[in-house]
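Take a moment with the sequence and the fold before reading on.

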Amino acid sequence: MGTTSLKVVAYTLAGEELASRSTLMETHTDLDGQAVQNPAAIVQAANEALTQLGADLAAQDYVIAAIGLSAAMHSLMALDDQNHPLTPAMTWMDARPHAQAQALWQSDLGKDVY
C-alpha cells in the first residue's frame, strides 16, 4: 500500500510473478497542507484488488498459500474503542503539523521520543 497506489502481486515460491493488480489511491489535499485519505476507500480498494487477483489465480488453477502486507510510508488516524476510524488517514505528506513537529524536535522530550 502506498500513497499513490495500492498494488497486489502473486508470486510462486520460487519468486516468479504470476499475476498483479493495482489501483490508484485518492489523496485529498488543500492549500493548508492537508494530505489525507479515506480509510474506507483504502479497505475497499484492498478488498477489490485482492478479490480480483484471487480470481486471476483461480482461473490459472493456483491456490494462495500466504499473504503479506507492506506499506511504503506511515499514516496517522484516530480510532474509537472498537478500532473504527474517527478521522481520515493523515498521510506522511500532510504538512499541517510542521510547526508542532519542529518545536517537539527542538525539545528534550522530542529527542527522547526520537
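Is Asp56 buried, partly exposed or exposed? Asp56 counts as partly exposed, because its relative accessibility is 22%. Here buried means under 20% relative accessible area, exposed over 50%, and partly exposed in between, with a 1.4 Å probe and protein chains only.

Some ground rules come next. This is a predicted model, in which local features need pLDDT of at least 70 and side-chain atom pairs count only at pLDDT 80 or more, while totals for chains, interfaces and linings use all residues. Residues are numbered from 1 along each chain as its sequence is written, and side-chain values use heavy atoms, with hydrogens and water left out.

Asp56 has a partner. Its side chain meets that of Arg21 in a salt bridge, 2.9 Å from N to O. This pair links distant parts of the chain: Asp56 sits in helix H1, Arg21 in strand E2, and 35 residues separate them. Helices (H or I, at least four residues) and strands (E, at least two) are DSSP runs, numbered from the N terminus. Arg21 is also partly exposed, because its relative accessibility is 33%. Side chains of opposite charge can pair when their charged atoms come close. The term salt bridge is used for a side-chain nitrogen of Lys or Arg within 4 Å of a carboxyl oxygen of Asp or Glu. A search of the whole structure finds 2 salt bridges. Arg96 and Asp94 also meet in one, at 2.6 Å from N to O. Arg96 is partly exposed at 36%, whereas Asp94 is buried at 8%.

Now follow H1 itself. At its start, a side-chain oxygen of Asn38 reaches to within 2.8 Å of the backbone nitrogen of Ala40. Helix H1 covers residues 39-59, and its 21 residues should span 30 Å at 1.5 Å a residue. The expected span is 1.5 Å times one less than the number of residues. The end C-alpha atoms are 30 Å apart, which agrees.

Which residues of H1 are buried? They are Pro39, Ile42, Ala45, Ala46, Ala49, Leu53 and Leu57. They cover an arc of only 125 degrees around the axis, which puts them on the same side of H1. That arc is taken from the directions from the helix axis to the C-beta atoms. An α-helix has 3.6 residues a turn, so residues three or four places apart point the same way. The cover over the buried residues of H1 includes strands E1 (5-11), E2 (17-24), E4 (35-37) and E6 (89-91). The face turned away from the buried side carries the exposed residues Ala40, Thr51 and Ala59.

Strand E4 holds Gln37. Gln37 is buried, with a relative accessible area of 6%. Its side chain joins that of Thr27 in a polar contact of 2.9 Å. Such a contact is a pair of N or O atoms within 3.5 Å; within protein, one must be able to donate a hydrogen and the other to accept it, and residues adjacent in sequence count only if both atoms are side-chain atoms. Leaving aside neighbours within four places in sequence, Gln37 is in contact (heavy atoms within 4.5 Å) with residues including Ile42, Pro88 and Ala89.

Asp61 follows H1 and lies in the loop between H1 and E5. Its phi is near 65 degrees, a positive value in a residue other than glycine. Asn83, in the loop between E5 and E6, also has a positive phi near 65 degrees.
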